Amino acid sequence: MRTVEFQEYGGPEVLRVTEAKVPDPGPGQVSIDVAYVGVNFADLLARSEGYRVPGLPFVPGLEVSGRIRAVGPDVTGLRAGQEVAALTAGGAYADVVVADAATTFPLPDGVGLRTGATLPTVLPTAYALLHGVGRIRPGETVLVQSAAGGVGTVLGQLAKAAGAGTVYGVVSSAAKAEYALGNGYDQVFTGSFRDEVRDATDGRGVDLALDPVGGETFRDTLASLARFGRLVAFGNAGSEEPWTVGQKELNPTGLTVSGFSILGLAAADPAAVRDLAAKAFATVADGTVTLPVTAEFALEDAAGAHALMGSRTSTGKLLLRVTGTQDA
């Protein structure tokens, strides 16, 4: 079978198509004939910086859709031939991948394989950010960084569905702002936002802010919170030094800072991820949320997908097509 791996860290050009033996599932696992692979910024960080890479060579990829090829011992509720989406710890850029049964999810009725590949990381992450960690309440104002990305696209729609008052987004270009405004956002700031948020809220700030960027963006996002506001950090896409926060910043106005990682939760508590996925996937099945696939690449052109995402011009979700299926 084919895999796409890297043997050294670097740009998209280090990705290479290789041949490997088809893996067999172990206890508590399934093997999946992959239809589509979701491309995530974490894949780029793995390739360029070694993020969550245990050793080289390494096959990236955290989420797939496809049909179960084989079921390992001690697996119940899943069967060969079943259409599923799965969250993996890596290895998804391949014709066949092994995934833990605990993070392999049967696709809801009406959700095809192409859409299914967009779900395993983005939907549970967005749902947890708003409802689990962020604890959004009706009428609250929300600020989302990277509002035109995969998670950002879903957050705008989910926040509105949860009864948010005004949903603000931050993006890096006018084209991304236009895209975000079509996905639940009421107002979108391009580039700078700290003073703009205060102006838009009559000096009050926002109740809930969600930040995958880190660094100085984290600091400015914290400064955009209202009294008793909450900030949830869920990444460091800017690859800056982590910015620390303490009593001096939090105590005067009762601010709260939390963190979230879907991969960390999957490792610590797979059952919690299953619960999140069930709730999140239901929002796609009932039409509450859509996540547009804005670009699709063949598996062997994974480098092209990485180059596009790395250019910071992409919106929505990028996929790798593995089997050539055209299922929606």
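On a 1 Å grid over the protein atoms alone, a cavity is a set of points where a 1.4 Å probe fits but cannot get out, and lining residues have an atom within 4 Å of a point. This is a predicted model, in which local features need pLDDT of at least 70 and side-chain atom pairs count only at pLDDT 80 or more, while totals for chains, interfaces and linings use all residues. Residues are numbered from 1 along each chain as its sequence is written, and side-chain values use heavy atoms, with hydrogens and water left out.

Searching the whole structure turns up one cavity of 30 Å³ or more. The largest cavity holds about 90 Å³ of space, where a volume is the space filled by probe spheres set on the grid points, joined across faces, edges and corners. Its lining is made up of Ala42, Asp43, Ala46, Tyr51, Arg52, Phe58, Pro60, Gly61, Leu62, Ala89, Gly90 and Leu263. Helix H1 (residues 41-49) contributes the most to this lining, with three residues. Helices (H or I, at least four residues) and strands (E, at least two) are DSSP runs, numbered from the N terminus.

What classes of residue line the largest cavity? Eight are nonpolar, two polar and two charged. Here Ala, Val, Leu, Ile, Met, Phe, Trp, Tyr, Cys and Pro count as nonpolar, Asp, Glu, Lys and Arg as charged, and the others, Gly among them, as polar.

## The open pockets

A pocket, by contrast, is an open set of grid points with protein on both sides within 12 Å along at least five of seven lines. The largest pocket has a volume of about 1200 Å³. It is lined by 46 residues, and the closest to its centre are Phe41, Ser146, Pro212, Phe234 and Ala237. At least two lining residues come from each of H1, helix H3 (122-133), helix H4 (150-161), strand E9 (167-171), helix H9 (262-268) and strand E15 (317-321). H1 again gives the most, this time with four residues. By class, the lining of the largest pocket has 22 nonpolar, 20 polar and four charged residues.

The second largest pocket has a volume of about 240 Å³. Among its 14 lining residues, Thr88, Ala89, Asp100, Thr103 and Ala266 lie nearest its centre. Strand E6 (96-100) and H9 are the elements that give two or more residues to this lining. Its residues divide into nine nonpolar, three polar and two charged.

## How helices pack

Two packed helices are described by the angle between their axes and the distance between the axes. The axes are lines fitted to C-alpha atoms, for helices over the stretch in contact, and angles run from 0 to 180 degrees between N-to-C directions.

H1 packs with helix H11 (residues 302-310) at an angle of about 105 degrees, their axes 10 Å apart. H1 is therefore roughly perpendicular to H11, a label used for angles of 65 to 115 degrees. In this contact (heavy atoms within 4.5 Å), Phe41, Asp43, Leu44 and Arg47 of H1 meet His306, Met309 and Gly310 of H11. Three of these residues are nonpolar, two polar and two charged.

H3 and helix H10 (residues 270-285) also pack at about 105 degrees, with their axes 8 Å apart. That angle makes H3 roughly perpendicular to H10. Leu123, Pro124, Tyr127 and Ala128 in H3 meet Leu276, Ala277, Lys279, Ala280, Phe281, Thr283 and Val284 in H10. By class, this contact has nine nonpolar residues, one polar and one charged.

## The chain and its backbone

The chain has 11 helices and 15 strands. Its radius of gyration is 20 Å, close to the 20 Å that the globule rule gives for 328 residues, so the chain is as compact as a globular protein of that length. This radius is taken over C-alpha atoms, and the rule is 2.2 Å times the number of residues to the power 0.38. Along its principal axes, the C-alpha trace spans about 60 × 40 × 35 Å.

A cis peptide bond, with omega of about -5 degrees, joins leucine 56 and proline 57, and proline 57 lies in the loop between H1 and strand E4 (63-71). Arginine 135 has a positive phi of about 50 degrees although it is not a glycine; arginine 135 sits in the loop between H3 and strand E8 (142-145).

Notes
Angles under 35 degrees count as roughly parallel, over 145 as roughly antiparallel, 65 to 115 as roughly perpendicular and the rest as oblique.
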